[in-house]
Amino acid sequence: MKLSHFNFKLPEELLAEHPSENRDESRLMVLDRKMQTIEHKMFKDLIDYFDEGDVMILNNTKVFPARLYGNKEKTGARIEVFLLRELNEEQRLWDVLVDPARKIRIGNKLYFGDDDTLVAEVIDNTTSRGRTLRFLYDGSYKEFRKKLTELGETPLPKYIKREVEPEDEERYQTIYAKNEGAVAAPTAGLHFSKHLLKRLEIKGIDFAEVTLHVGLGTFNPVEVEDLSKHKMDSEEAFITQETADKVNHAKKNKKRICAVGTTSMRAIESSVSSNGTLNEFSGWTNKFIFPPYDFSIANCMVTNFHTPKSTLLMMVSAFAGHDFIKKAYEEAVKEKYRFYTYGDAMLII
């Protein structure tokens, strides 16, 4: 498969700027791989496709307010700092992206907040836009993290051109988010409401949680025509023994195992034993899934509508079949489904 196989014309007005009014009332396109059929539903109709003993794998990562705005010392220029990951808790070292990057050099200081209580010094260049910052703050680590949360804003993806609004803090987070560490939301999970989860639970559907802290690498464009040469950024993932047992039990009993989102899928596919069962996992994964690929664990998935040439579209193509996804996406454009982060959903069975 080549990069150009994943290109398609996506009208700009189909990029969702806002979430649907209610989480579980976005649209749902249902693809049946065996029958090669496409149905149009509402997200809350998802429940009709699952029975007692089926398992849904949810990514419980929590997005932190990763986007900060500071001012450069002397010039006062406004600089955007995007926190990627913490490198050292004690020294308060962070891996970040800065914009505009050409103005930010080693030794520069950045000031944050109206009172400048938080200062950061640039101590290294990592990539063209990447820097290592050392934060200087008078206070305990807990107070420092509280300050970062206070000053940071919800890291909506760049395609959303509007300002961040108060509702984004809640809506750009799954309702089951608990382990902080992601700089982007696992978007397939955004469609689940408390009410829908409760209804699924009452029907006897089991939930197994994994954690994969979504990094910005998810959005990195693929720049090589030969996909085998693309390198994914590493993301931290955790799978408990309890989750592995739950999933393996369902697999043994030939139940439906549904990966909610490409991130859940990547996490479980990063920890498969030689006999095709799920293992406990704690570490980093840079797994890149593109066609052809044999999936070991999940036999269905929930996902959003992805942008042209994205690694996410490649994974979904590997799961549902390239031609079938192509057909489904043509239909999605025709039927004006909403794409990307705040967009509509797809269930592949």
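Colleague: How many nonpolar, polar and charged residues does the lining of the largest cavity have?

Modeller: This is a predicted model: local features need pLDDT of at least 70, side-chain atom pairs count only at pLDDT 80 or more, and totals for chains, interfaces and linings use all residues. Residues are numbered from 1 along each chain as its sequence is written, and side-chain values use heavy atoms, leaving out hydrogens and water. Ala, Val, Leu, Ile, Met, Phe, Trp, Tyr, Cys and Pro count as nonpolar, Asp, Glu, Lys and Arg as charged, the others, Gly among them, as polar. The counts are nine nonpolar, nine polar and no charged.

Colleague: What is the volume of the second largest cavity?

Modeller: Its lining includes R23, R171 and H191. Two of the lining residues are charged. The volume is about 80 Å³.

Colleague: Which element gives the largest share of the lining of the largest pocket?

Modeller: A pocket is an open set with protein on both sides within 12 Å along at least five of seven lines. The largest has about 1,000 Å³ and 39 lining residues. Strands (DSSP E runs of at least two residues, numbered from the N terminus) contribute. Five lining residues come from the top contributor, β6.

Terms used: On a 1 Å grid over the protein atoms alone, a cavity is a set of points where a 1.4 Å probe fits but cannot get out, and a pocket is an open set with protein on both sides within 12 Å along at least five of seven lines; lining residues have an atom within 4 Å of a point. Grid points are joined across faces, edges and corners, and a volume is the space filled by probe spheres set on the points. Helices (H or I, at least four residues) and strands (E, at least two) are DSSP runs, numbered from the N terminus.
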